[in-house]
Amino acid sequence: HFFAFIIFHHLSSPFCSLRMSKTASVQQLLAAEKKAAEIVETAKKNRVLKLKQAKADADAEILKFRQKRQAMFETFQAQETSSGDEGSQQVMLQAQQEIAKLKKVAAERRDKVADLLVSLVTKIDISK
């Protein structure tokens, strides 16, 4: 009984209760610290998940934009190619018309040009 009395007296003494309250406070601090660490870790994981999701969303938007621009480019290229064919055909037609005009003028003036060339070659100016 004596030991039980000493233990009971020791536990009920102010020093023991102070020591127990310090231990309880330390335990509370450790528990709060652990909970805070868990909250921070959860926040970090959520942040990483949100960043990954934002990157995936941005990649999807970029892909949609790229596909839209590619379609616009292909449409433009098809229009330019077809109009380019029409334009080159028009240029070829104009060139053929100009060639025909030149051939007609040359045919009309062939005799005059031949006479002029013969006269220039056969006439020698000896006065110089």
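What percentage of the 128 residues in the chain do buried residues make up? Buried residues (under 20% relative accessible area, with exposed meaning over 50% and partly exposed in between, 1.4 Å probe, protein chains only) account for 2% of the 128 residues.

This is a predicted model, in which local features need pLDDT of at least 70, side-chain atom pairs count only at pLDDT 80 or more, and totals for chains, interfaces and linings use all residues. Residues are numbered from 1 along each chain as its sequence is written, and side-chain values use heavy atoms, with hydrogens and water left out.

**View 1. The whole chain.** The chain contains 2 helices and 0 strands; these are DSSP runs numbered from the N terminus (helices H or I, at least four residues; strands E, at least two). The count of salt bridges is 3, each a side-chain nitrogen of Lys or Arg within 4 Å of a carboxyl oxygen of Asp or Glu.

**View 2. The salt bridge between D59 and K55.** The closest N and O atoms of D59 and K55 are 3.1 Å apart. Both residues belong to helix α2 (residues 14–122), 4 residues apart, about one turn of the helix. D59 is partly exposed at 39% relative accessibility, whereas K55 is exposed at 52%.

**View 3. The salt bridge between K64 and E61.** Here the closest N and O atoms are 3.7 Å apart. K64 and E61 lie 3 residues apart in helix α2. K64 is exposed, at 52%, and E61 is partly exposed, at 48%.

**View 4. The salt bridge between E98 and K101.** The N to O distance between these side chains is 3.9 Å. About one helical turn separates E98 and K101 in helix α2. E98 is partly exposed, at 44%, while K101 is exposed, at 52%.
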